[in-house]
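Visitor: Hi! I'm new to this one and would like a walk through it. Could you put it up on the screen?

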Amino acid sequence: MDFMTLLQVLDSTVRLATPLLLACLAGLYSERAGIFDIGLEGKMLAAAFFSAAVAYMSGSVWLGLLAGIGASVVLSILHGLASITFRGNQLISGVAINFLAAGMTVLVAQSWFAQGGRTPSLTGAARFDPITLPLAETLQNVPILGPIYHELISGHSILVYLAFLMVPGTWWLLYRTRFGLRLRAVGENPAAVDTAGVSVVALRYAAVLICGVLCGIAGAYLATALQAGFVKDMTAGRGFIALAALIFAKWRPWYALSACLLFGLLQAVALRYQNIDLGSFVIPVQVMDALPYILTVVILAGFVGRAIPPRAGGEPYVKER
Amino acid sequence: MTTMTTAPAIQLKGISKAFGPVQANKDISISVQPGTIHGIIGENGAGKSTLMSILYGFYKADKGEIWIKGQHTQIPDSQAAIAAGIGMVFQHFKLVENFTVLENIILGAEDGALLRPSIAKARKELQHLAEEYGLNVDPDTLIENLSVGHQQRVEILKALYRQADILILDEPTGVLTPAEADQLFRILARLKEEGKTIILITHKLREIMDITDTVSVMRRGEMTATVKTSQTSPEELAELMVGRKVLLRVDKKPATPGDVVLEVENLQVIDEKGVERLKGIGLSVRAGEILGIAGVAGNGQSELLEVLGGICDATGTIRMNGTELPLTGKGAHGQSRRAAGIAHVPEDRQREGLIMDYSAWENTVFGYHRDPAIQKGFLMDNAAIQEEAQAKMDRFDVRPPHPKLAAKNFSGGNQQKIVLAREIERNPDLLLIGQPTRGVDIGAIEFIHQQIVNLRDQGKAILLVSVELDEILSLSDRIAVMFDGQIMGERMPDQTDEKELGLLMAGVVQTPDASLEKVVDQQFALQEEEREGTR
């Protein structure tokens with residue numbers, strides 16, 4: 001494999017890791033606050049559809065992004081109502097959101113655009129364009145570093161850079177601010193937060209809302225940057241892979257980055273090497289497509305070791321005497 | 001205003017609180033003078049915790065007023081309670097286990113949006129508090145690596161850091177060794193000297209007598225009396241709590257031990273984390289004898305009961321009436337242990353002794369449900385079981401005596417009576433009984449203790465595990481003390497005292513003149529070593 005091919009695979013890794021990373025960080029906020037969120041997938045899907053639909057209709061990708069975030073936040077609030085206010089089962093609420101999004105997006109898409117459950121293709125200002133970083137062209141011919149800068153680092157949409165900046169941002173927020181301290185505490189022992197005179201409910205809603213915003217950006221990225229338009233089930237399990245990455249990362253932001261890059265790499269490899277000819281035998285494309293998912297299972301089963309989730313995760317908080 | 005100087009630290013006027021049909025607090029009035037230690041004593045469900053929860057803003061009273069330092073104060077939430085200078089140390093600590101001491105202390109009392117300045121300030125303040133009150137804790141240790149006694153100090157420090165001058169402690173000694181409890185009381189005395197007001201909630205009469213200035217007694221949601229501690233006695237307080245005369249001492253004849261029933265040699269248990277929980281235990285129990293196992297919770301007593309009861313596997317030897325019992329595999333299950341004549345009243349009756357959602361009559365046959373006497377073809381003879389359950393409940397004075405009521409609807413004491421009835425009435429050779437009176441009211445304690453002694457007098461062997469030293473001392477015919485998976489020694493109850501047992505419980509075999517402080521430090525050092533060892 002030559003150097004350029006390697007760069008192309010890595011470049012593709014970055015693109016494919018971005019939605020995983022955003023969703024993974026979304027889950028991190030929610031689960032660190034003690035709200036398990038299996039509905040990342042559904043929120044991304046809803047955001048993908050509404051961002052594509054609004055971007056198409058308005059011609060502005062930024063309005064599309066806002067619509068995507070809005071749709072995802074609405075579902076987040078639903079999850080919050082079910083699991084914080086009404087102390088319901090967080091898994092069931094998450095599953096319901098996934099079903100709701102899967103059905104609703106296709107239904108509304110068919111009713112609005114009549115194209116078999118997809119949105120029309122997005123062009124021009126209705127999509128996020130790649131950004132060429134300063135000096136990328138001039139430095140292109142510098143050996144090794146030039147191509148790395150030009151091919152790998154430059155030339156992504158703004159959402160990719162946003163996603164990667166969210167990693168140090170999240171770390172700082174979690175470990176260096178009052179909000180982060182309280183957020184982590186409420187996922188470990190909400191009673192400690194409550195008796196310290198801080199509202200458990202408000203903290204958990206804040207976490208769930210941040211989760212909604214990040215899922216919204218992830219979904220919008222899928223439909224308006226990675227691809228040009230919405231198609232049925234376009235998240236393709238990314239929400240669940242993000243959850244797997246979150247467990248793999250032991251609910252920590254920097255580990256989350258590594259985990260998402262690893263899963264992105266698996267997807268990139270599967271995309272690039274569709275049919276592998278081994279002379280007498282050809283590995284079919286379906287095997288390659290399934291590979292990232294299979295490896296997800298293998299990695300989670302074998303390599304995670306002891307991952308301790310936030311101790312109050314999944315438990316509604318009830319004041320005790 | 002001249003009245004301000006003598007204003008009570010806390011004054012509650014006519015507090016009432018109902019949960020549905022249950023009146024948890026009925027028209028309660030109380031007045032606590034500043035700079036005193038005020039005890040509140042009462043049985044489980046008497047309403048002590050509810051009252052304190054109202055004071056700390058967890059619940060809102062239906063009626064009544066709260067006056068703090070002479071001012072009428074509204075306490076809608078914990079924030080308001082903290083602002084009024086009230087700090088609370090809950091029975092179950094409200095600490096974040098994987099945070100450091102400092103992080104726990106500033107949580108909710110941070111000075112700004114960024115952590116760094118708050119932590120620096122707290123570190124300084126902590127040093128100051130440590131010097132002033134003798135509350136030393138390493139500020140950078142994770143809570144999960146601290147001993148229970150030190151975790152409790154963190155709770156007290158949390159309150160002091162928030163400028164509390166009224167400190168409420170809810171059953172603070174339940175989790176402490178006697179030495180740690182003594183240390184806590186010294187700290188409380190120090191806090192009192194500094195002018196803090198302390199409210200101590202407990203069900204232990206001895207603590208009330210030892211440390212409080214005044215004491216209020218609660219019964220069934222009402223405040224039945226408030227007296228000066230120096231002018232009352234444990235007997236009087238017990239009577240006020242229960243509403244009738246109570247026998248505090250167990251009434252029993254000297255034991256007449258017979259043949260050895262249970263023999264245990266070199267019993268070893270290693271848990272799934274690889275930690276050695278029992279390190280080669282040996283003991284024996286004779287017929288007509290109560291062997292009491294003393295120790296702080298978590299030193300291997302639970303594992304000992306579980307191995308004998310057939311719940312957990314082990315290596316070593318157990319002989320029952322001279323026959324060796326298997327320690328692993330099919331022969332080591334509860335069923336075969338019962339067949340061998342071992343009955344087990346587990347430590348955690350709500351999780352292991354009963355199925356809380358099942359009715360009392362169903363609970364009276366669990367473990368014995370294969371008995372041919374209660375089968376009818378391939379069905380169970382429910383009518384017979386219910387009839388038998390009714391008879392058992394009458395004999396054991398279970399209230400209310402309704403076999404069809406779910407186990408969870410009985411009080412702790414009555415739940416324990418159901419378990420006891422099931423196990424004792426099967427006429428076992430050996431009764432294993434763990435924490436027989438945990439969460440049980442004084443009135444029921446008397447009854448349960450009497451049942452255990454009666455069983456002994458019938459010539460049965462009894463292995464009693466309890467973290468309550470009083471209970472061990474008053475029931476046992478022989479006492480073995482466990483520490484760190486080992487038996488530190490055996491003593492006869494009339495030849496020992498709480499102090500000697502307390503030292504053994506802390507893992508110290510002989511310290512003629514060591515101060516308690518030193519003992520506790522040694523204990524922590526041992527625990528540290530243990531932790532290092534398991535890493």
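Guide: Happy to. One sheet in chain B is an open one of six strands, in the order β16-β19-β20-β13-β21-β22, with mixed pairing. Please keep in mind that this is a predicted model.

Visitor: Which strands are at the edges of that sheet?

Guide: The edge strands are β16 (342-345) and β22 (486-491) of chain B, and each of them pairs on one side only. From one strand to the next, the twist averages 20 degrees.

Visitor: And what packs on the sheet?

Guide: Helix α9 of chain B does, touching β13, β16, β19 (430-434), β20 (461-465) and β21 of chain B. Its direction makes about 145 degrees with that of β19(B). Another helix, α14 (residues 412-424) of chain B, lies across β16 and β19 of chain B and runs at about 180 degrees to β16(B).

Visitor: What follows α9(B)?

Guide: Gly310(B), which has a positive phi, near 80 degrees.

Visitor: How do β13 and β21 of chain B run where they are joined?

Guide: They run parallel, with four bridges joining β13 (residues 289-294) to β21 (residues 478-483) in chain B. Across that pair, Arg478(B) in β21(B) has Leu291(B) opposite.

Visitor: Let's change topic. Why is β8(B) called largely enclosed?

Guide: Because six of the six residues of this strand, 197-202 of chain B, are buried. Thr197(B), Ile199(B) and Ile201(B) point one way, while Ile198(B), Leu200(B) and Thr202(B) point the other way, and all are buried.

Visitor: Which strands are joined to it by bridges?

Guide: One is β3 (residues 37-42) of chain B, which runs parallel to β8(B) and is joined to it by five bridges. There, Ile37(B) stands opposite Ile198(B). Another is β7 (residues 166-170) of chain B, also parallel to β8(B) and also joined by five bridges. In that pairing Leu169(B) has Leu200(B) as its bridge partner.

Visitor: What unit do β7 and β8 of chain B make with a helix?

Guide: Together with helix α6 (residues 178-193) of chain B, they make a right-handed β-α-β unit. In the loop between β7 and α6 of chain B you'll find Thr177(B).

Visitor: Is Thr177(B) buried or exposed?

Guide: Buried, because Thr177(B) has 27 C-beta neighbours inside 10 Å, and 20 or more is the cut-off for that label. Leaving out residues up to four places away in sequence, Thr177(B) touches Val296(B), Gly502(B), Met505(B) and Ala506(B).

Visitor: What about the nonpolar core? How many residues are in the largest one?

Guide: It has 239 residues, and those with the most contacts inside it include Cys24(A), Ala218(A) and Val481(B). Helix α9 (residues 200-226) of chain A gives the most to this core, with 15 residues.

Visitor: What does Val481(B) touch?

Guide: Not counting residues up to four places away in sequence, its contacts include Ala294(B), Ile487(B), Leu501(B) and Met505(B).

Visitor: Last one: how many residues of chain B are in contact with chain A?

Guide: 24 residues of chain B are in contact with 19 residues of chain A. On the chain B side, α1 (48-55) and α2 (78-83) are the elements that give two or more residues. That side divides into 12 nonpolar, seven polar and five charged residues.

Key
Residues are numbered from 1 along each chain as its sequence is written. Chains are lettered from A and ligands numbered from 1 in the order in which they are written. This is a predicted model: local features need pLDDT of at least 70, side-chain atom pairs count only at pLDDT 80 or more; totals for chains, interfaces and linings use all residues. Two residues are in contact if their C-beta atoms, placed from the backbone, lie within 7 Å. Ala, Val, Leu, Ile, Met, Phe, Trp, Tyr, Cys and Pro count as nonpolar, Asp, Glu, Lys and Arg as charged, and the others, Gly among them, as polar. A nonpolar core is a set of buried Ala, Val, Leu, Ile, Met, Phe, Trp, Tyr and Cys residues joined through C-beta atoms within 7 Å. A residue is buried if 20 or more other C-beta atoms lie within 10 Å of its own, exposed if 12 or fewer, and partly exposed in between; C-beta atoms are placed from the backbone. Two strands pair if DSSP finds at least two bridges between them. A crossover is right-handed if, with the strands pointing away from the viewer, the path from the first strand over the helix to the second runs clockwise. Axes are lines fitted to C-alpha atoms, for helices over the stretch in contact, and angles run from 0 to 180 degrees between N-to-C directions.
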